[in-house]
Amino acid sequence: MKNVGLVVIVWIIVGWSSCMGRFVVEKNNLRVTSPESIRGVYECALGNFGIPQYGGSMSGAVLYPKANQKACKNFADFDISFRSRVAGLPTFVLVDRGDCYFTLKAWNAQRAGAATILVADNRPEQLITMDAPEDETTDADYLQNITIPSALVSRSLGSAIKTAIAHGEPVHISLDWREALPHPNDRVAYELWTNSNDECGPKCDAQIQFLKRFKGAAQILEKGGYTRFTPHYITWYCPEAFLASRQCKSQCINGGRYCAPDPEQDFSRGYNGKDVIVQNLRQACFFRVTNESGKPWLWWDYVTDFAIRCPMKQEKYNKKCADQVIHSLGVDVKKIDKCIGDIEANTENPVLKEEQHAQVGKGSRGDVTILPTIVINNRQYRGKLQRSAVLKALCSGFRETTEPPICLTEDIETNECLQNNGGCWEDKTTNITACRDTFRGRVCQCPIVQGVKFLGDGYTHCEASGALRCGINNGGCWKHTQMGKTYSACRDDHSKGCKCPPGFKGDGLKDCQDVNECEEKTACQCRGCKCKNTWGSYECSCSGSLLYIREHDICINKDARGDVSWGVIWIIIMGLGAAALGAYTIYKYRIRTYMDSEIRAIMAQYMPLDNNPNSQPSSQLEL
């Protein structure tokens, strides 16, 4: 067993050194708003437990306890409570690093009513990531119950806050997670670094529960094209000096190139690391095959079904059970086997080789050293492996206003448009609003409704524009119906604006008043006319047998109108006749002229004409 321990230690050292090339500490902003002496923006490191408020922010007042300053004991034993008073700011408790796990400090602060825990470093160093304990013997039942955010601050900032509090100055801090993850576009790329091992204690149990609970949301996001998901698996290699050992052969495949720790940490019983690495490879190949077929979301069905149907405790953690699950999902087992390849061959496995390369950090992402690890938009997620917490982090990775509907549900974010319409413009008549709820808050943006675009600042004014604007609340213009007649100040041939129709005057928005054409003498002013105003128009009549012509504002005799009409008709007929006769005369004249010219031309060829000055007698030409 001594050699076994030595091999395990070597593997851990080699694996750790291969991964420790560049570990990136994920940070967010901490803004001290008071007192003036320490006001400013500082960096703090996110803890890898609790629930960071990705996409949001939180403000609170900082308290430094007079006792239990390292928070390693229950604050109730010291009669200390951090619960906020009514209408008071949330309490951020500041504690010192040392003597116990970071998670225990957070749990004790949470039980005492703190909204956030800030841990002051006890040494002048670069910020580190506070992680949960790896020791399975530790009583860690509380780990899954930690919900408050946590952050590590530098020793210098911690000392400055303590000094201000000691001098009676209130310290107010705002934690901002809105830029903790990049959000460049409308699609989020994320990775889950996981393991098929289900015998590694509380962490494995929590991971399996997460896969089951998060599967529905993950598949909705993937099917909708909102996300691009990729699963990954960490592997180690066996040191060359131990390649021939029994332990190395039982924990590795492909000549010691790809290894996994023994699930039970006992080489004499149960499954071994080789079984784990093969199942990891099978899951990676399952994803590749289904991704190529356009159904990458089936990976979630496979890993959850495998965890349920093929657990180690029931001795079903094998290829036979895995193939049954694959077949039940309608995936070709032969394609999976082909992807896996020969695990006994002393050659590179292309799939696992890529996985090893992917472990090394690139760009802003550090090396993957913690299992499980979630990477969102090339940044490592820090916090509790919980459905709502991870979903919040994913949602914060979308560019604002491009979030999918699942990100705007009540259990994920607060709809700020529900209270006072978010301070945005609103048309209560049609229930149209410029307030658009987003994961990070809300934006005031004039909407597009039924193809009609509203224009304005979104806060105090939005106006419908375009050809169809009058179909929505009459374009926001005045409209009224009276005595069976409807008049509107909206015109579809205008892209915007309101104008009272003829017969009315006003602003066109809220009011259009009838114009009294009779009093203003703008119509019906002819001799003998009688004017009567109506709503939106007027009526004009003539006395006796006279008839009113509205177009010319004139009264004429009905009979005279008939005589005049027949006279006009006869004049038109005579005019047409004269025009026809003139045209015929011109036609005859042109024909006669043409014929004369043709005859003269023919005769000129045979005899001289008198009117030709160049003609001479034929006798003279003969001489």
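Hello everyone. Before we go further, please remember that this is a predicted model.

Three strands make it up, in the order E18-E19-E20, as an open sheet with antiparallel pairing. Strand E18, residues 448-449, and strand E20, residues 462-465, stand at its edges. Each of those two has a single partner strand, so one side of each is left without a neighbour in the sheet. If you want a residue to look for on your screen, find Val449, which stands opposite Val452 in E19.

The protein chain has 623 residues, and 45% of them count as buried. It holds 14 helices and 28 strands. Take the contacts in the chain with a separation of 6 or more: 63% of them come from residues 24 or more positions apart.

Strand E1 covers residues 27-34 and strand E2 covers residues 40-46, and they pair in the antiparallel sense over six bridges. What joins E1 to E2? A hairpin does, through five residues. Within this pair, Asn28 stands opposite Cys44 in E2. E1 also pairs with strand E7, residues 172-176, again in the antiparallel sense, over five bridges. There, the bridge partner of Asn29 is Asp176 in E7.

Next, a sheet of four strands. Its order is E9-E8-E12-E13; the sheet is open and its pairing is mixed. Which strands stand at the edges? They are E9, residues 227-233, and E13, residues 379-380, and each has a single partner strand, so one side of each is left without a neighbour in the sheet. Inside the order, E8 at residues 188-194 and E12 at residues 373-376 pair in the antiparallel sense over four bridges. Tyr190 has Ile376 in E12 as its bridge partner.

Keep your eye on Tyr190. Together with Phe210, Phe214, Phe229, Phe287, Trp299 and Trp300, it forms one aromatic cluster. And there is a helix to see here too: H7, residues 298-309, lies across E8 and E9 and runs at about 40° to E9.

Staying with helices, let's look at H6, residues 273-292, and H10, residues 350-359. Their axes come within 10 Å and cross at roughly 95°. H6 and H10 are therefore roughly perpendicular to each other. On the H6 side, the contact is made by Ile277, Leu281, Ala284, Cys285 and Arg288, and on the H10 side by Val351, Leu352 and Glu354. What kinds of residues are these? The contact of H6 with H10 divides into six nonpolar, no polar and two charged.

Gly361 lies in the loop between H10 and E12. Is Gly361 buried or exposed? Its relative accessibility is 14%, so Gly361 counts as buried. Gly361 and Arg379 are 18 residues apart in sequence, and their C-alpha atoms are 9.9 Å apart in space.

Last topic: aromatic pairs. Searching the whole structure turns up 18 of them. I'll show you two.

One is Tyr271 with Tyr317. The ring centres are 5.4 Å apart and the planes stand at 65°, so this pair is edge-to-face. The pair links distant parts of the chain: Tyr271 is in the loop between strand E11 (258-259) and H6, and Tyr317 is in the loop between H7 and helix H8 (319-328), 46 residues apart. Both tyrosines, Tyr271 and Tyr317, are buried.

The other is Trp425 with Phe454. Here the ring centres are 6.0 Å apart and the planes are at 40°, so the pair is tilted. Trp425 lies in the loop between helix H11 (387-395) and strand E14 (426-427), and Phe454 lies in strand E19 (residues 452-456), so the pair ties together parts that are 29 residues apart in sequence. Trp425 is buried, with a relative accessible area of 13%, and Phe454 is buried as well, at 7%.

Key
Residues are numbered from 1 along each chain as its sequence is written. This is a predicted model: local features need pLDDT of at least 70, side-chain atom pairs count only at pLDDT 80 or more; totals for chains, interfaces and linings use all residues. Side-chain values use heavy atoms; hydrogens and water are left out. Axes are lines fitted to C-alpha atoms, for helices over the stretch in contact, and angles run from 0 to 180 degrees between N-to-C directions. Angles under 35 degrees count as roughly parallel, over 145 as roughly antiparallel, 65 to 115 as roughly perpendicular and the rest as oblique. Contact means heavy atoms within 4.5 Å. Ala, Val, Leu, Ile, Met, Phe, Trp, Tyr, Cys and Pro count as nonpolar, Asp, Glu, Lys and Arg as charged, and the others, Gly among them, as polar. Two strands pair if DSSP finds at least two bridges between them. Rings of Phe, Tyr and Trp (its six-membered ring) pair if their centres lie within 6.5 Å; planes under 30 degrees apart count as stacked, over 60 as edge-to-face and the rest as tilted. Buried means under 20% relative accessible area, exposed over 50%, partly exposed in between (1.4 Å probe, protein chains only).
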